[in-house]
Amino acid sequence: MIKPESLQYLFRRPPGRLIVGYSGGMDSHVLLHLLAGLRKAKAYPCELSALHINHGVSRRSNAWQDHCEKVCDRLGVNFTAVKVSVQSAGRGIEDSAREERYRAFSEHLVAGDTLLLAHHADDQAETILFRLMRGSGFKGLAGMPARRKLGAATLLRPLLHVTRQSLAAYAEREGLKWVEDESNEDTRLDRNYIRHKLIPIINQRWPGHARTWARSAELAAEGSDLNRELADLDLSGLVGDRLDRIDLAKLKSMSHARQRNLLYRWIECAALPLPSNAQLQQLVMQLTGARQDSNPLVRWRGVEVRRFRNHGYLMRPLEHHDSRAERHFNAERSLTIAAGTLTTRRTQGAGIRLDDGLASVAVRFRQGGERCRPSGRVGSHPLKKIMQELQIPPWLRDRIPLIYVGEDIASVAGQFICHEFVAGATQMGWEFGWSLSGVDLSDRQRS
């Protein structure tokens, strides 16, 4: 049985918007109706609104949006609809729709907002069973959290302790009208198959399974929290002040389970797409087991992890790069080049001496065969050999901008200045810095 007063805590909070994710279905309609009733009865000052995501998948999508808007008008609730484009792209329509929905939520919310979703106890049970079928670990089997951050806002699921039967009873008692998504009956979709085929059989034998599974989810959540705390402790000793790079010698000293736990957390902390179990296994193998002289690469959608000498490097995929391209500076500004950013700074007694200013500067890339004399060294040396000595990863060597003055290399951006172009103590110079895909080479630490 739903007790509306159990939701009053949502209004006893600092001023900010309460936003209900309102699909038009029974669950979200009940949540919206409950909150609208509480606000009206108690005259809470908090702003209450509804956010509808129109996926455009069903031919009835626009009719559902119209229905939601009319319901909100009757309840005196502000209504916003956002249309998204759902493309399965080999991931399945369910996963794609969810991804687009949460992306739209994140873009709409601002700091201080609270997004309320109407997931209930039966949804939680279905989620746990679904993830069990996918071979999830502690984090997956913990189900949906009742509270978590979503961008700068907070996501709450206040009905996780309520059954679908209780929601239906409330909806019938209040005479609510809602939309029915015909796709919810399509048992070709995994979640629908679980709901319509598996859960009824389980209910016959274990009618209280939703509550007992919820207890298991709480225990799994505890296990997940402990794993995360351990990973954070391990991570602090392996990445230092650079999250994009990890010490492999220390990683190899850990147990296999601890390696997996740490690497998963490493990627999670970088806010990059997380690997599947198979991808994580491959990552452990390549970072800890590949030959010392090899430079393996493990990639999945939106992520690349590379190895060079004693470090693993985490990054977004490198974009296409034309090493034959040439660019010129004509102002004091940053320049997007080689999927990175080249910056300049005017300084006295440091940087490159430019008698003719930036107009004489050309930006090129390594072609092979270049030579130069870094400041502080005797004689010229092959640029390839210098980059090897500086332990610059191989995949970056052809992307680091070379600063040319005329036909001579004056600097390798973010690395060194050539001897004959160093500004004197009383001269004005130009310093060139460069960063690529989150890898700041000017902050490079030696292996």
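Accessible areas, in this presentation, come from the Shrake-Rupley method with a 1.4 Å probe, and for residues only the protein chains shown count as cover. With that definition, the accessible surface of the chain comes to about 23,200 Å². Of that surface, 49% belongs to carbon and sulfur atoms.

Good morning. The model is a predicted one, in which local features need pLDDT of at least 70 and side-chain atom pairs count only at pLDDT 80 or more, while totals for chains, interfaces and linings use all residues. Residues are numbered from 1 along each chain as its sequence is written, and side-chain values use heavy atoms, with hydrogens and water left out.

Let me begin with the chain as a whole. How many helices and strands are there in the chain? There are 13 helices and 21 strands; both are DSSP runs numbered from the N terminus, helices being H or I of at least four residues and strands E of at least two. The chain is more spread out than a compact globule, because its radius of gyration is 29 Å, well over the 22 Å that the globule rule gives for 447 residues. Here the radius is taken over C-alpha atoms, and the rule is 2.2 Å times the number of residues to the power 0.38. Along its principal axes, the C-alpha trace spans about 90 × 50 × 40 Å.

Next, burial and contacts. A residue is called buried under 20% relative accessible area, exposed over 50%, and partly exposed in between, with a 1.4 Å probe and protein chains only. Buried residues make up 45% of the 447 residues. A contact means heavy atoms within 4.5 Å. Among contacts between residues at least 6 apart in sequence, 67% join residues at least 24 apart.

On charge, the chain has 65 positive and 50 negative side chains. Lys and Arg count as positive and Asp and Glu as negative, while His and the chain ends are not counted. Each charge is placed at NZ of Lys, CZ of Arg, CG of Asp or CD of Glu, and the centres of the two sets lie 3 Å apart.

I turn now to the cysteines. A disulfide is a pair of cysteine sulfur atoms within 2.5 Å, and by this rule the count comes to zero. C418 counts as buried, at 1% relative accessibility.

Two residues deserve attention for their backbone angles. Most residues other than glycine have a negative phi. A271, although not a glycine, has a positive phi of about 55°. This residue is in the loop between α10 (256-269) and α11 (277-289), and A271 is exposed at 65% relative accessibility. Q391 also has a positive phi, near 60°, and is a residue other than glycine. Is Q391 buried or exposed? At 18% relative accessibility, Q391 counts as buried; its place is in the loop between α12 (383-389) and α13 (394-397).

Helix α10 brings us to I267. I267 is buried, at 0% relative accessibility. Leaving aside neighbours within four places in sequence, its contacts include L272, P273, W300 and L314. I267 and V305 are 38 residues apart in sequence and 9.6 Å apart in space, C-alpha to C-alpha.

E172 lies in helix α6 and is exposed, at 67% relative accessibility. E174 is in the loop between α6 (164-173) and α7 (190-205), and counts as partly exposed at 37%. Where E174 and V30 are 144 residues apart along the chain, their C-alpha atoms are separated by 9.2 Å. S183 lies in the loop between α6 and α7 and is partly exposed, at 29%. S183 touches L189 and N192, not counting residues up to four places away in sequence. S183 and D232 are 49 residues apart along the chain, and their C-alpha atoms are separated by 41 Å.

Thank you for your attention.
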